[in-house]
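Here are my notes on the model. Please read them next to the sequence and the coordinates.

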Amino acid sequence: MACLFLIFCSLVYIALVIKIDSEDIELIEEKVAFVLPYLKIGDPVEIKHLLGERYPQDLRKRVYVTIYDRNGHSIARTFNAYANELSDIFPEAVSPKWILDDHHAKLERIRSDNLRVFNVSTIKTRDQSNNIWIMRVAVDHDTEERILATVGAAFLGMFFLAIIAVPASSGVITNLIMRPLRHLSQEIEQLTLGRETAALEAKLYPKEFLGLITSFNQMSQNASQAFDRLESFSADIAHELRNPLNSLRGQLEVLNVRPRSIDEYRDSFGSVLEDVHRLCQLVDSLLFLLRGERKLIRTAIIKIDLFPLMMSLRDLYEPILQETNGQIICRCKQDLFVYAEPQLLQRALINLVENALKYGRPKDPSLSPKIVLSAEPMGDAANHIAITITDNGPGISPNEVPYIFDRLFRSDRARGTHGFGLGLAIVRMIMDLHDGHVEVLESKEYGCTFRLILSSVVQSS
Amino acid sequence: MGDNTLKILVVEDDPKTAAYLQKGLTENGYSVDISHDGADALELAKGKSYDLFIFDVMLPFHSGFELLKILRSLEIYTLTIFLTAKDRLEDRVCGLDLGADAYLVKPFSFSELIAVIRSLFRRRMGADHRVHSSDQLEACDIKIDIVKHQVRRSGQLLDLTPLEFKLLTFLARREGEVLSRTLILEHIWDINFDCSTNVVDVHIRRLRAKVDEPFETPLIHTVRGMGYVLRSENSNPQST
């Protein structure tokens, strides 16, 4: 910062010096242009007269002229050039150097007796009769010199002032800026993140803080939403556990009240076992999901041929659909490959097909259920494969779409059916483990389409 | 297999679990000793010769893992199954690294445990006794030709799809064993988790239409809450 300032000052100083020197040259040339025609005529009386009475008084006083004749004597001077202290610059006789030197209008800087500085130029010319005339012009450089010195000193002073003042003042300024920040920090300390959304009031702070406060409030809102989700998740799990437990307890109590026939016992135990199986499934799926979300599942990613995988899925589910006159169609080309962990990919696909089976049945009884599996390359370099599972059911309402991949979320269409609302969450978790993606495509007229996007090239991870 | 009784040591600190294991295993024709802690188990295992150890992992005094380590250092190489509620991958790997032969995660189904025990003993004996030859399989009045992919019941040729053939062969190989839906999914479709739909039931229903419906006596039975079993009606449900 200070360095930049220094450079700036120097540049300004140099520019000033150049400007002033060039002004001096202009003045001298103006003078020479005025006098030179008379020297060409070579009349001494006329020349004396020229510098005496005819010399324009309005011409700047700081220009001094002396003219020397062919004998080397000064024959005419401007009135200001008679001063004693200028005897060095305008001697009575011509210095031989001036004649020998053929310097024309060349500037030399000369310091006079009283230490004033002049820019001096000596011009040699000849008249009609070939006599030599010498004209010496001096411009008082002193005022400029002083100005320059003052400016230079001013700059230097400013520079040192800056060096000293910036750190000193910055403490004060920083303190000023920090005051609201300290206040902010105190206020944040007092806020507790939790169920209540903790928000800061932007009005209380300078407007420069608006961005910070908005971000903080956003973060606080996200945190409290996460907190809410966690709480409702725990509540949902407890609820999911309570239902089968309650059913178990009831069945066993009723069974135990009085002696039953063997068949009754067998039937009840079967029912109890079904409930227990359901409970085990819930716990297994939950653990699987949580472990997957924390990336604790080992994924051995290999190249998988999609065609046989999708065909085996079709074979697995075809009988179920045929029982209700439905169909499952597999539109998958041969030689499509993805990189994935086979068991996980299979699980994701099965979850989506089962989701379609459970919730994707058409409401219109004249329509028979239809599930279409398809896979095709996508992306510019076809380095991804999109696998879609489409049903012809009632679809998903747009306002539910953002939540369907949440754990234990069960949409309206899933009410009254078996399931925990973990299937789609597991699908998303599996896709996350593969750096893949799952989405619901906007349904056109009916049904819904889930799309999985997986890489068809090896990923460097 | 029941001719000379196989001896099993079960080490499980939860008394209820221990009791049902003892009951279930005894009913399946095994001779069972129960121990509730690691120290007691060590004495039993050193003093008596067992055919199989079933260890819980979390035990008082010595954990199941420690127990197996000590026994292996004493050069006791009895077949070992771990039962545990911990199913982190590291635990599984740790158990198998120690030389355990199987690892079952609680809650497991009892039929699953029996299936594992049987397969361990079968593996040790080298072959499945019920397979008369590698390409012929008989169960009840069903004859399966593995090589020709042909199935006859009472001499009558059945027209089965490859999937139905695979399913029936699996049931026939494990004749008399209750096979859970999970186990069937795993064996036939290589799916190692529970589907929530009744997909297995539908496939069994199709198989029944071809194997059972044309005949007087059904062979494929549903055991509610557990799974399916292939057996002739009059045989004892728990027989091996």
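1. Terms first. Exposed means over 50% relative accessible area, buried under 20%, and partly exposed in between, with a 1.4 Å probe and protein chains only. By that cut-off Ile164(A) is exposed, because its relative accessible area is 59%. The model is predicted: local features need pLDDT of at least 70, side-chain atom pairs count only at pLDDT 80 or more, and totals for chains, interfaces and linings use all residues. Residues are numbered from 1 along each chain as its sequence is written, chains are lettered from A and ligands numbered from 1 in the order written, and side-chain values use heavy atoms, without hydrogens and water.

2. Ile164(A) sits in helix α4 (residues 142-190) of chain A. Helices are DSSP runs of H or I with at least four residues; strands are runs of E with at least two.

3. Look at the hairpin. Strands β1 (residues 63-68) and β2 (residues 74-77) of chain A pair in the antiparallel sense over 3 bridges; pairing takes at least two DSSP bridges. Ile67(A) has Ala76(A) in β2(A) as its bridge partner. There are 5 residues between the strands, and Gly72(A) takes a positive phi near 90°.

4. Now the interior. A nonpolar core joins buried Ala, Val, Leu, Ile, Met, Phe, Trp, Tyr and Cys residues through side-chain atoms within 4.5 Å. The largest has 89 residues, and Leu306(A), Tyr317(A) and Ile387(A) have the most contacts inside it. Helix α8 (residues 342-359) of chain A gives the most to this core, with 9 residues.

5. Another core, of 21 residues, lies apart from it; Val10(B) and Leu120(B) are among them.
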